[in-house]
Amino acid sequence: MASWINGYTAIVPQAAARLACAGLPSASIHRMLSTMSRSLLPPAVERYVTQDIPHETEIQKQLRAETARLPQAGMQIGADQGALLALLARTIGAKMAIEIGTFTGYSALCVATALPAGGKLFCCDISEEWTGIARRYWKLAGIDDRIELRLAPALKTLAELRAKHGEGTFDFAFIDADKSAYDGYYEACLGLLRVGGLIAIDNVLWSGTVADPSVHDADTDALRALNAKIRDDRRVDACLLSVGDGVMLARKR
C-alpha cells in the first residue's frame, strides 16, 4: 500500500507496505523498509505536503494514529495520497471501484467516502488481522455498506468480479500490493474498467531506483517495465505523478 506513519519520520517507502499482503516474508519486508525512502521531496516540503495541507476527518486521524502503533506502520499511505485518491474518484464520478492491497483500510476509507450512495468498493487483501482494524473504522465512518472485503489472492477476486459484473463495469482502481505482480493486476483492472475509467498505481518510482539502470531486482525491474509499458500503451492516457513514492495514473480510452 504503500503506507506511512503520521509524521513520516521513517525512511521507508510506502511501497514495501503491501508486500506483506502478498505473503512476502517479514524479514524481507523489514530489509526493504530500512533501506528505501517514501518520498524524493526534501523533509520540510514532505511535512508540508503530507501534514500541513491535507484535510483529514477525525476518523481518518484516529485510524492513522492506531496504525502508527503497529510494527508495520510504514504500510499506511500518506494523507496527501488519500486526498488524491478521493479527489480522483469524485472527479470521474466513480460508483464501482477496486482496491488491491488494503492493510488497515486508510486508502479504502478515503475512496469509499468519495463514492455516492449505492457505490461499492471491492477490497482485495489476504490479512484478516490488518483488515480487522479496517473494518472497525469503516463502520465508525458509516461507509462499511459501501465496501466489500475479499480475503483471497487478488487475481482470483478480479476474475470473479469479471465473471459476475462483466468487462467495462468499473470506474476506478487502486493498485498497491506485490510489485512483481503489478502487470497482471493492471491488465485485469483495465479489462474491468469502462472507457474513461481510471487506474492509480502506487510505488512506481520505488524510491527512485527505477531511474537507475544499474539497479536490477524483481520488483524494480517489474515496475520499470510496467512504467514503460503504460507509457506506450495505446489503450490508455497516462501520467506519472511524483506523489509519495510515485503514482501512475492510467485513463482507459
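1. Thr157: beyond its neighbours within four places in sequence, Thr157 is in contact with Cys124, Arg150 and Ala152. Thr157 belongs to helix H7, which covers residues 154–165. In this predicted model, Thr157 has a relative accessible area of 1%, so it counts as buried, the cut-off being under 20%.

2. Overall make-up: the protein has nine helices and seven strands. Of its 253 residues, 55% are buried. Among contacts between residues at least 6 apart in sequence, 70% join residues at least 24 apart. The exposed surface comes to about 10,600 Å², and carbon and sulfur atoms supply 57% of that area.

3. Asp233 is buried at 10% relative accessible area, whereas Arg235 is partly exposed at 37%. Both residues also belong to a salt-bridge network with Asp183, Glu187 and Lys229.

4. Asp237 and Arg251: these two residues form a salt bridge in which the closest N and O atoms are 3.4 Å apart. The pair links distant parts of the chain, with Arg251 in strand S7 (residues 247–252) and Asp237 in strand S6 (residues 236–241), 14 residues apart. Arg251 is partly exposed at 38% relative accessible area, and Asp237 is partly exposed at 34%.

5. Asp237 and Arg253: Asp237 also forms a salt bridge with Arg253, the closest N and O atoms being 2.8 Å apart. Because Arg253 lies in the segment after S7 and Asp237 in strand S6, this pair ties together parts 16 residues apart in sequence. Arg253 is partly exposed, with 48% relative accessibility.

Definitions and conventions: Residues numbered from 1 in each chain as written. Predicted model: local features only at pLDDT ≥ 70, side-chain atom pairs only at ≥ 80, totals over all residues. Heavy atoms only, no water. Helix = DSSP H or I, 4+ residues; strand = E, 2+ residues; numbered from the N terminus. Buried < 20%, exposed > 50% of the residue type's maximum accessible area, 1.4 Å probe, protein only. Contact = heavy atoms within 4.5 Å. Areas by Shrake-Rupley, 256 points an atom, 1.4 Å probe, with all protein chains shown as cover. Salt bridge = Lys/Arg side-chain N within 4 Å of Asp/Glu carboxyl O.
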